[in-house]
Amino acid sequence: AEKLATATGRSVYARRKHLVGAVNGWIKHILGFRQFSLRGLNAVQGEWDLVCLSLNLRRMSSLMRLT
């Protein structure tokens with residue numbers, strides 16, 4: 001609360017919603033990913049890599065033109 005009381009703190013927080021919030025929203029809403037299915041740090045990291053890969057491919061598919 002103290003950091004958000006300053007102008008600098010508000011500007012840093014405002015940038016956060018554009019950088020991180022949008023991507024997390026896309027993952028939750030568009031991909032429907034809400035929880036991990038696997039256990040263990042290595043398994044979760046692998047699952048998260050797949051989620052990020054699928055999001056990136058989905059976003060790139062509109063830019064790519066397949067003939």
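1. Trp-48 has a relative accessibility of 30%, so Trp-48 counts as partly exposed. The cut-offs: buried is under 20% relative accessible area, exposed is over 50%, and partly exposed lies in between (1.4 Å probe, protein chains only).

2. On the source: this is a predicted model, in which local features need pLDDT of at least 70 and side-chain atom pairs count only at pLDDT 80 or more, while totals for chains, interfaces and linings use all residues. Residues are numbered from 1 along each chain as its sequence is written, and side-chain values use heavy atoms, with hydrogens and water left out.

3. Overall make-up. The protein chain has two helices and zero strands. Both terms refer to DSSP runs, numbered from the N terminus: helices are H or I with at least four residues, strands are E with at least two. Of the 67 residues in the protein chain, 9% count as buried. The chain exposes about 6,100 Å², and carbon and sulfur atoms supply 59% of that area. Accessible areas come from the Shrake-Rupley method with a 1.4 Å probe; for residues, only the protein chains shown count as cover.

4. Aromatic pairs. The structure holds three of them. One is Phe-33 with Phe-36, edge-to-face, at 5.2 Å centre to centre and 75° between the planes. Rings of Phe, Tyr and Trp (its six-membered ring) pair if their centres lie within 6.5 Å; planes under 30 degrees apart are stacked, over 60 edge-to-face, and the rest tilted. Phe-36 is partly exposed because its relative accessible area is 36%. Phe-33 is buried, at 15%.

5. Which residue in helix 2 does Phe-33 pair with? The partner is Trp-48, in a tilted pair: 6.2 Å centre to centre, 55° between the planes. Phe-33, Phe-36 and Trp-48 form one aromatic cluster.

6. Helix 2 covers residues 41-61, which is 21 residues. From first C-alpha to last, helix 2 reaches 30 Å, close to the expected 30 Å. That expected span is 1.5 Å times one less than the number of residues. Its buried residues are Glu-47, Val-51 and Leu-55. The face turned away from the buried side carries exposed Leu-41, Asn-42, Asp-49 and Leu-50.

7. Leu-50 lies in helix 2. Its relative accessible area is 57%, so Leu-50 is exposed.

8. Ala-14 sits in helix 1 (residues 7-29). At 32% relative accessibility, Ala-14 counts as partly exposed. Ala-14 and Leu-4 are 10 residues apart in sequence and 10.0 Å apart in space, C-alpha to C-alpha.
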